[in-house]
Amino acid sequence: MSTLITNIKGLVQARPEAVQTVKGAAMKELPVLSQAYLLIENGLIHSFGPMSECPERADIVIDATGKYVLPCWCDPHTHIVYAGSREGEFVDKIKGLSYEEIAQRGGGIVNSAKRLQAAAESELIESALSRLTEMESFGTGAVEIKSGYGLSYDGEIKMLRAIKKLKDRSRLRLKATFLGAHAYPPEYKQDHEGYIRLMIDKMLPAIADEGLADYIDVFCDRGFFSADETARILEAGARYGLRPKIHANELDYSGGIETGVKYRALSVDHLEYTGKEQIKALLESDTMPTLLPSTAFFLGLHEPPARQMIDSGLPVALATDYNPGSSPSGNMQFILSLASIKLKMMPEEAINAATINAAYAMGIEQEMGAITPGKRASIMITKPMPSLTFMPYSFANNMVEQVIIS
Ligand code: NIG
Ligand code: FE
């Protein structure tokens, strides 16, 4: 089966040779081939080039006059398996309560955990599938999904089994992350040791046994898990070959970035509290700093210093953090707009961050994130646009017309 896309106004992220990540000043360089064709064969990118060299036939031909073609977004940080919603807390926030105050009153993650524990696995799968379909309509082709609303042996295993089934049922490329250490459940509020032992002695062996997780995560922040607690959990995960992707420095200088780097995290995410020392630690690592601008937007947090990071030579990835408490949206195009408007990232930097660097942050940079022969043909075709910048400029609109998955 072959599909030929012709007359493409701009073929974006077209790289004949694969790259792993783009960092620093190179993030501004985004290869765009004008008046191009793209040939897909058997679900993979076969070749591309100028229209003057376009092949003569294919099984399906799509004319993309006036339109751009991009590799699908990768969304390397989400919590899309959940039950219920939390718009009551949204109103509490409007009235002036902070995210931490809501959590201290039994709202927040613990609120979602109560609902998840009562939900059937099938219900979790169906609601997550409809979220995935919506994300795909905005151009997303790969999604990392975390557990972390179980907060009990049964709850965490139920969530991870749901994610495993989603891998079979969804067309999108999915990765699963074990986030038992999302919050202390109320019954362990005074017994941190007890909950850490439950994760290390009971949950992790069962998860490894059933092959339920690709990565391990800890919410390393003020009021949640300390850097020392994080280190113990990551060490235990490493014994089962689980590489960390952690929540770090969202609410304070938590030591999360340094701990993540020490345990060779694939990514450290959030990073609202990042200073010179943390940037230095990241520069000496192969950990991807991953920014979640819709969370800072929704909670009214100050912005992570994306400009300093990139100007210091770091790569940056972007994700939605889609979850019911701090980012109830999975629209990656809106993330691009926020990255440009709030984080002062150039549109080219934001697109690199949401494609190739985001693919790296979920360990699939060999398969996705760029238009490179041999990679999966997961691509989006835009509506007609005057320029590529028109996409982040048109915030909250959907500029994607068609998505092709593999
Ligand atoms: O990434 N920061 C921790 N976890 C989620 C929020 C989860 C929730 O509030 O339900 C986040 O923002
Ligand atoms: Fe998160």
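**Exercise 1.** Which helices each supply at least two residues of the lining of the largest pocket?

*Solution.* The model is predicted, so local features need pLDDT of at least 70 and side-chain atom pairs pLDDT 80 or more, whereas totals for chains, interfaces and linings use all residues. Residues are numbered from 1 along each chain as written, chains are lettered from A and ligands numbered from 1 in written order, and side-chain values use heavy atoms, without hydrogens and water.

Step 1. The helices are H2 (99–104) and H3 (109–118); helices are DSSP runs of H or I with at least four residues, numbered from the N terminus.
Step 2. H2 gives the most to this lining, with three residues.
Step 3. The search uses a 1 Å grid over the protein atoms alone: a pocket is an open set of points with protein on both sides within 12 Å along at least five of seven lines, a cavity is a set where a 1.4 Å probe fits but cannot get out, and lining residues have an atom within 4 Å of a point.
Step 4. The lining of the largest pocket holds 15 residues, and Ala103, Gln104, Lys189, Gly223 and Phe224 lie nearest the centre.
Step 5. The volume of this pocket is about 240 Å³, taken as the space filled by probe spheres set on grid points that are joined across faces, edges and corners.
Step 6. Its lining comprises seven nonpolar, five polar and three charged residues; Ala, Val, Leu, Ile, Met, Phe, Trp, Tyr, Cys and Pro count as nonpolar, Asp, Glu, Lys and Arg as charged, and the others, Gly among them, as polar.

**Exercise 2.** Characterise the second largest pocket.

*Solution.* 
Step 1. The second largest pocket holds about 150 Å³ of space.
Step 2. It is lined by 13 residues, with Thr21, Lys23, Ser285, Asp286 and Pro315 closest to its centre.
Step 3. Six residues of this lining are nonpolar, five polar and two charged.

**Exercise 3.** How many cavities of 30 Å³ or more does a search of the whole structure find?

*Solution.* 
Step 1. The search finds two cavities of 30 Å³ or more.
Step 2. The largest cavity has a volume of about 100 Å³; 15 residues line it, and His79, Tyr99, His182, Asn323 and Ser326 are closest to its centre.
Step 3. The second largest cavity, of about 30 Å³, is lined by Pro71, Cys72, Met368, Gly369, Ala370, Arg376 and Ser378.

**Exercise 4.** Which space does ligand 1 take, and which residues come nearest to ligand 1?

*Solution.* 
Step 1. Ligand 1 takes the space of the largest cavity, a placement that requires more than half of its atoms to lie within 2 Å of the grid points.
Step 2. There are 16 residues around ligand 1, and Tyr99, Tyr149, His182, Asp321 and Ser326 come nearest; a residue counts if one of its heavy atoms lies within 4 Å.
Step 3. An oxygen atom of ligand 1 lies 2.5 Å from a side-chain N or O atom of Tyr99.
Step 4. A nitrogen atom of ligand 1 is 2.8 Å from a side-chain N or O atom of His182.
Step 5. The protein covers 100% of the 320 Å² of accessible area that ligand 1 has on its own, by the Shrake-Rupley method with a 1.4 Å probe.

Note on methods:
Polar contact = N/O pair within 3.5 Å; in protein donor to acceptor, adjacent residues only side chain to side chain.
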